[in-house]
Amino acid sequence: SASSAPPRGPVAMPDPLNRPEWPWLWERAVRDPAALAIKTDAVALSFRKLADQAEALASRLARLGARRADRIALVMDSSLRMVELIHASQRCGATLVAINTRLSAGEIEALLIDAEPRLVLYDARLADTIEKIRIRMPALRFIEAQRELDTVPAGSLPKPCAFDPNSIHTILYTSGTTGRPK
């Protein structure tokens with residue numbers, strides 16, 4: 001029915017309140033659309049604007065093949081785009097794999113082998129590091145998270161799935177006491 005359609009761009013969103021299938025951000029976008037969600041030195045976004053941007057990115061991730069339970073690796077510095085992609089991954093039902101940008105190409109490669117992501121999204125400043133990995137992992141799809149991702153046409157998103165408390169939202173690697181990421 002029209003009332004259960006996922007939010008699309010700036011059009012009116014259905015009321016996700018009390019619906020466990022809608023991710024948290026979209027619930028806040030309905031409850032407090034004009035409230036400040038995030039502020040950087042360059043921009044301030046309301047919950048509604050952040051939800052719209054995350055929805056647009058989620059549709060691009062869907063076009064690239066991201067589906068429920070897939071893994072999407074982010075090799076990115078903290079940024080507005082990273083926040084948008086965290087929410088976009090959740091909207092796709094994918095598991096986010098956050099990878100530290102200070103790791104060497106070999107360490108990042110080892111984590112990608114372990115995590116088995118469908119997509120790797122990375123910051124443009126890491127292009128040289130990513131190229132070293134891409135050569136050794138040609139079957140993996142690498143997408144620069146700003147300019148390259150923005151050129152991907154929108155895809156269709158499925159209706160959000162009900163929240164599953166047994167699903168994995170995020171995978172984080174830590175070096176702990178050994179100094180090696182695991």
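This is a predicted model: local features need pLDDT of at least 70, side-chain atom pairs count only at pLDDT 80 or more; totals for chains, interfaces and linings use all residues.

Reader: Is Glu109 buried or exposed, and what makes it so?

Author: Glu109 has a relative accessibility of 14%. Buried means under 20% relative accessible area, exposed means over 50%, and partly exposed is in between, with a 1.4 Å probe and protein chains only.

Reader: What is the mean pLDDT of the protein chain?

Author: The mean is 84, and 80% of the residues reach 70 or more. That score is the predictor's confidence in each residue, from 0 to 100. Over residues 1-12, though, pLDDT stays under 50.

Reader: How many helices and strands does the protein chain have?

Author: Six helices and seven strands. Both are DSSP runs numbered from the N terminus: helices are H or I with at least four residues, strands are E with at least two. From the N terminus on, the order is α-β-β-α-β-α-β-α-β-α-β-α-β. Of the 182 residues, 45% count as buried.

Reader: Back to Glu109. Which residue forms a salt bridge with Glu109?

Author: Arg136 does, and the closest N and O atoms are 2.5 Å apart. A salt bridge is a side-chain nitrogen of Lys or Arg within 4 Å of a carboxyl oxygen of Asp or Glu. With 2.5 Å between Arg136 and Glu109, the pair qualifies. Arg136 sits in helix α5 (residues 127-136) and Glu109 in helix α4 (residues 105-115), so the pair ties together parts that are 27 residues apart in sequence.

Reader: How many salt bridges does a search of the whole structure find?

Author: Ten. One of them joins the side chains of Glu131 and Arg134, at 3.2 Å from N to O. Those two are three residues apart in helix α5, so about one helical turn separates them. Glu131, at 37% relative accessibility, counts as partly exposed, and so does Arg134 at 27%. Another links the side chains of Arg48 and Asp52, at 3.1 Å. Both lie in helix α2, four residues apart, about one turn of the helix. Asp52 is at 15% relative accessibility, so Asp52 counts as buried. There is also a network of salt bridges linking Arg81, Glu84 and Asp150.

Reader: What makes Leu61 count as buried?

Author: Leu61 is at 0% relative accessibility, so it counts as buried. Leu61 lies in helix α2 (residues 47-63). Setting aside residues up to four places away in sequence, Leu61 touches Ala66, Ile72, Leu85, Ala88, Ser89, Cys92, Leu119, Leu121 and Leu149. Touching here is a contact, meaning heavy atoms within 4.5 Å.

Reader: How many residues does the largest nonpolar core have?

Author: There are 22, and those with the most contacts inside the core are Leu61, Ile72, Leu74, Leu85, Cys92, Leu121 and Leu149. A nonpolar core is a set of buried Ala, Val, Leu, Ile, Met, Phe, Trp, Tyr and Cys residues joined through side-chain atoms within 4.5 Å. At least two residues of this core come from each of α2, β3 (71-75), α3 (80-92) and β5 (119-122). Apart from this core lies another, of 20 residues, including Leu112 and Val120.

Reader: And Ser46, what makes it buried?

Author: Ser46 is at 19% relative accessibility, so it counts as buried. Ser46 has its place in strand β2 (residues 44-46). A polar atom of the Ser46 side chain lies 3.2 Å from the backbone oxygen of Pro33. Pro33 is also among the residues that Ser46 touches, leaving out those up to four places away in sequence.

Technical notes:
Residues are numbered from 1 along each chain as its sequence is written. Side-chain values use heavy atoms; hydrogens and water are left out. A polar contact is a pair of N or O atoms within 3.5 Å; within protein, one must be able to donate a hydrogen and the other to accept it, and residues adjacent in sequence count only if both atoms are side-chain atoms.
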